[in-house]
Amino acid sequence: MIIQIKHVTIVKDKRSNCLSCMGITTIQDYIKYIENIYTNKGGIEGQRDVLRTSSAIKIRKRMIEDVAKGTVLPPLVLGLLLSHEDFEKINTEEPNEDTILDLLSHSPNENVSLIDGMQRTTAIIEAFKANENIANNDLRVEIWIVENLNNLMYRMLVLNTGQVPWTIRRQLEVVYGSLLKTIKESIPNIEIYTIDDSRYRTDGGQYQGESIIELFIVFGSRKEKVNIKERVAEEFTRLDFIESTDRSDLLSMFIRCLQIMYKIDKSFTRHEVENKIGKFSEGKDLFKSQPARVGFMTALAIDIFGRPGNDRSEELQTKNLNRIEQEVDDFISLINDFSEDELKTFLSLDILNECLADHNPSKVGDFERTFFKEAFYTLIQEHFKVQSMILCWRAY
């Protein structure tokens, strides 16, 4: 997997600790280099596949004609994730061009992703198939080189500011393949279903990939009411999330908190019923609800980091999370000792349904997120030492 790039310029991004490398390659070299990555949807789970709508086909047809005539396309953007050792080789005051090109050429496919340019790449490939005489035509390429997934996420969040923006959800989907892969490696028993999977939750510990992405957003912003479909231009959400993402340990802390939710979810799932009554009838129903998951992760984030604008020191954050993990382990040990009837009484899901039924707001989703945030924040404030969950359900 070799790619020849000439006229390389390198700019070091000191803010997010990554390198931006801009250069020129040929259509032929680019296609050979990107072939396997392109076949795998750009090497990124969640990346948009080739668009098949009539308007997209018309636009791509025109683009193919323009490429064949020698038009200059906007730079195609690649992402390269390096190990700490390899990144240190190039992260110098004056990065060496030859070393960078060598790392780019010999990095395994799973470390390279097509961040921006899936539709243009399709047009380039089709234009080349129709006319191989364009093989040596020039293409602009940009490579973002990072050693840390958080830095790549940060880069993607600010990359489109001032342009017609992606939603935060789309920007995270561009990199969520790596995010979910890291989570799966850290929590081997967790089951995460992607957009392309036709599977649904039937047991505790099973979640949709996009819901995990949303949990990562609310964990970083510490706000339960975050509309992931809104534009990046909404500064309050974007800046709060970026501020949190700037901490190098955010992802690891999120994974630890996700592990906490997973453990509690699995413990609650032991409560089963034959005849379901109400939205929350048995244990697995609780964390089947995205508002409940969002409320739980937001409550954890607030207790660990502090409320937005009142950040706690890193030392205190670590201390808080360590304390919560220990308290949750004791909490789960208690739950696991319950009989089926004792667990039913402890969960008191009938009371939860009553509390939710007492409110009929216009925005049910927003209400439930706040309801569960207050419920689980109460549980955390009580150090997970409650006689039953009724105290939590009546906290709002």
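This is a predicted model: local features need pLDDT of at least 70, side-chain atom pairs count only at pLDDT 80 or more; totals for chains, interfaces and linings use all residues.
Local features were taken at pLDDT of at least 70 and side-chain atom pairs at pLDDT 80 or more, while totals for chains, interfaces and linings use all residues. Residues are numbered from 1 along each chain as its sequence is written, and side-chain values use heavy atoms, with hydrogens and water left out.

The protein has 17 helices and seven strands. These elements are DSSP runs numbered from the N terminus (helices, H or I, at least four residues; strands, E, at least two). Of the 396 residues, 52% count as buried. Buried means under 20% relative accessible area, exposed means over 50%, and partly exposed lies in between (1.4 Å probe, protein chains only). Contacts are heavy atoms within 4.5 Å. Among contacts between residues at least 6 apart in sequence, 74% join residues at least 24 apart.

In soluble globular proteins, nonpolar side chains tend to be buried together. A nonpolar core is here a set of buried Ala, Val, Leu, Ile, Met, Phe, Trp, Tyr and Cys residues joined through side-chain atoms within 4.5 Å. The largest such core holds 68 residues. Ile 183, Phe 254, Phe 376 and Trp 393 have the most contacts inside this core. Helix 10 (residues 250-268) gives the most to it, with 12 residues. A second, separate core has 40 residues, including Ile 3, Cys 21, Ile 27 and Leu 101. Within the largest core, Trp 393 is among the residues with the most contacts. Neighbours within four places in sequence aside, Trp 393 is in contact with Leu 286, Leu 347, Ser 348, Ile 351, Leu 352, Cys 355, Phe 371, Phe 372, Ala 375 and Phe 376.

Helix 4 spans residues 97-106. Its buried residues are Ile 100, Leu 101, Leu 103, Leu 104 and Ser 105. An α-helix has 3.6 residues a turn, so residues three or four places apart point the same way. The cover over the buried residues of helix 4 includes strand 1 (6-13), strand 2 (18-26) and strand 3 (76-81). Strand 5 (138-146), helix 1 (27-39) and helix 3 (84-90) are also included in that cover. At the N-terminal end, Asn 96 caps helix 4, with a side-chain oxygen 3.0 Å from the backbone nitrogen of Asp 98.

Rolling a probe the size of a water molecule over the atoms shows where empty space is left. On a 1 Å grid over the protein atoms alone, a cavity is a set of points where a 1.4 Å probe fits but cannot get out; lining residues have an atom within 4 Å of a point. Points are joined across faces, edges and corners, and a volume is the space filled by probe spheres set on them. The count comes to one cavity of 30 Å³ or more. The volume of the largest cavity is about 50 Å³. Its lining consists of Ile 5, Val 8, Cys 21, Met 22, Gly 23, Ile 100, Leu 101, Leu 104, Ile 143 and Ile 145. Strand 2, helix 4 and strand 5 each give two or more residues to this lining. By class, nine lining residues are nonpolar, one is polar and none is charged. In this scheme Ala, Val, Leu, Ile, Met, Phe, Trp, Tyr, Cys and Pro count as nonpolar, Asp, Glu, Lys and Arg as charged, and the others, Gly among them, as polar.

Three buried residues were examined individually. Thr 121 lies in helix 5 (residues 118-130). Its relative accessible area is 0%. The Thr 121 side chain makes a polar contact with the side chain of Tyr 30 (2.7 Å). Polar contacts are pairs of N or O atoms within 3.5 Å; within protein, one must be able to donate a hydrogen and the other to accept it, and residues adjacent in sequence count only if both atoms are side-chain atoms. Val 77, in strand 3, is buried at 7%. Its C-alpha atom lies 9.0 Å from that of Arg 140, 63 residues apart along the chain. Arg 201 sits in the loop between strand 6 (191-193) and strand 7 (206-208) and is buried at 15%. Polar atoms of the Arg 201 side chain lie 3.1 Å from the backbone oxygen of Gln 206 and 2.9 Å from that of Lys 284.

Most residues other than glycine have a negative phi. His 7, in strand 1, has a phi near 55 degrees and is exposed at 58% relative accessibility. His 383 has a positive phi of about 60 degrees. It lies in the loop between helix 16 (364-381) and helix 17 (390-393) and is partly exposed at 35%.

How values were computed: On a 1 Å grid over the protein atoms alone, a cavity is a set of points where a 1.4 Å probe fits but cannot get out, and a pocket is an open set with protein on both sides within 12 Å along at least five of seven lines; lining residues have an atom within 4 Å of a point.
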